[in-house]
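These are my notebook entries on a single chain.

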Amino acid sequence: MGPAWLRSTATLEFSLSSTTKTPAFFDRTSASTGKPPFTYLLFGNKGALLIDTGATTDAAHYPLRATVDAIMLRWSQMRRKKVPLTVVFTSGEDIAQSQGAAQFAGRPETTLVPRPLQAMKDFYRLSSNWPESGAKVDLGDRVIDVIPTPGAHKDGLTFYDSYTHLLFTGDLLFPGRINISHDRDYLASLERLQRWKQTHNVKWLLGGHIGMQFVPGKDYPRFATHKPYERVLQMEPALLDDAVASTREVVGKKLALIRPDFILLNGVSPDEKAQVFPPEVPNIAAPYPF
């Protein structure tokens, strides 16, 4: 069966999907975070990598560790070997991406990347040339590139998987309302990924959330818990070019800029409603969420 980005399960508080050995977990704690996050689990021959951990420490509500443990056990039984786990974050300061890390405290053969900014830089050896330098995580015949991308968060990271050609962009770029904390850093990070795209094969961008509807330029309100018409998670690489051009329009301005697949919020409230649709974005009435 092909990818099913929102395939429901009866026993978990999130959906489990997969694309070429890359499960994705969707945290449905939208009532507490406003934008429920995705997390991703990748396997190599010598290690596994969990990207982000969701928005809650409550294992009864969001049993992330139990699910990761079950998947890793099945993987080890199939391959007759165990591998260690490394837990990383697209932003350690973002509670919507990092609160579930508490579930992995004390887990054997597990490394949690430290969340404080300087400690994270030291872990990846990025301190001397942040944010221009990069790092790598070797999972064994599967190398994950670590690309500094501050701007939405001061500690922002993007991860590139050369095995599946996926860019995991977290809060930097996703189909939803993107809160820019430092617009010049944000633009520089997008331009860094744009250059990366020119020299690497990128199939999709996978962000940390979905906030948009399938109708161009229309999103769901914050804290909405019923989203029957969500846009798909995956974004085409060409969307980076739109994001760069759009960010150049908002730099230095307090502005909410609507694009078909995302909304940039620079210096304005996440609930900003004074929005003007650009002429090239069709203003189509969104369906009522029955």
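What percentage of the 290 residues of the chain count as buried? I find that 56% of the 290 residues do, where buried means under 20% relative accessible area, exposed over 50% and partly exposed in between, with a 1.4 Å probe and protein chains only.

Basis of the entries. I note that this is a predicted model, in which local features need pLDDT of at least 70 and side-chain atom pairs count only at pLDDT 80 or more, while totals for chains, interfaces and linings use all residues. Residues are numbered from 1 along each chain as its sequence is written, and side-chain values use heavy atoms, with hydrogens and water left out.

Overall make-up. I listed six helices and 14 strands for the chain; these are DSSP runs numbered from the N terminus, helices being H or I of at least four residues and strands E of at least two. I then looked at contacts, meaning heavy atoms within 4.5 Å. Of those with a separation of 6 or more, 60% join residues 24 or more positions apart. The chain exposes about 13000 Å², of which carbon and sulfur atoms supply 54%, by the Shrake-Rupley method with a 1.4 Å probe.

Aromatic rings. My search of the whole structure returned six aromatic pairs. Rings of Phe, Tyr and Trp (its six-membered ring) pair if their centres lie within 6.5 Å; planes under 30 degrees apart count as stacked, over 60 as edge-to-face and the rest as tilted. Phe38 and Tyr40 are stacked, at 6.4 Å centre to centre and 15° between the planes. Tyr40 and Phe168 are tilted, at 4.7 Å and 55°. Tyr40 lies in strand S3 (residues 38-43) and Phe168 in strand S10 (residues 166-170), so this pair ties together parts that are 128 residues apart in sequence. I recorded Phe38 and Tyr40 as buried, and Phe168 as buried also. Ring pairs link Phe38, Tyr40 and Phe168 into a cluster.

Charges over rings. I counted a charge as over a ring if NZ of Lys or CZ of Arg is within 6 Å of the ring centre and within 35 degrees of the ring normal. Arg115 lies over the face of Phe89, 5.8 Å from the ring centre. The charged end of Lys203 sits over the ring of Trp204, 4.9 Å from its centre.

Helix H6. Which residues of H6 are buried? I found Leu239, Leu240, Asp242, Ala243, Val244, Ser246, Thr247 and Val250. Their cover includes helix H5 (183-199) and strand S12 (204-207). Just after H6, Gly252 takes a positive phi of about 80°.
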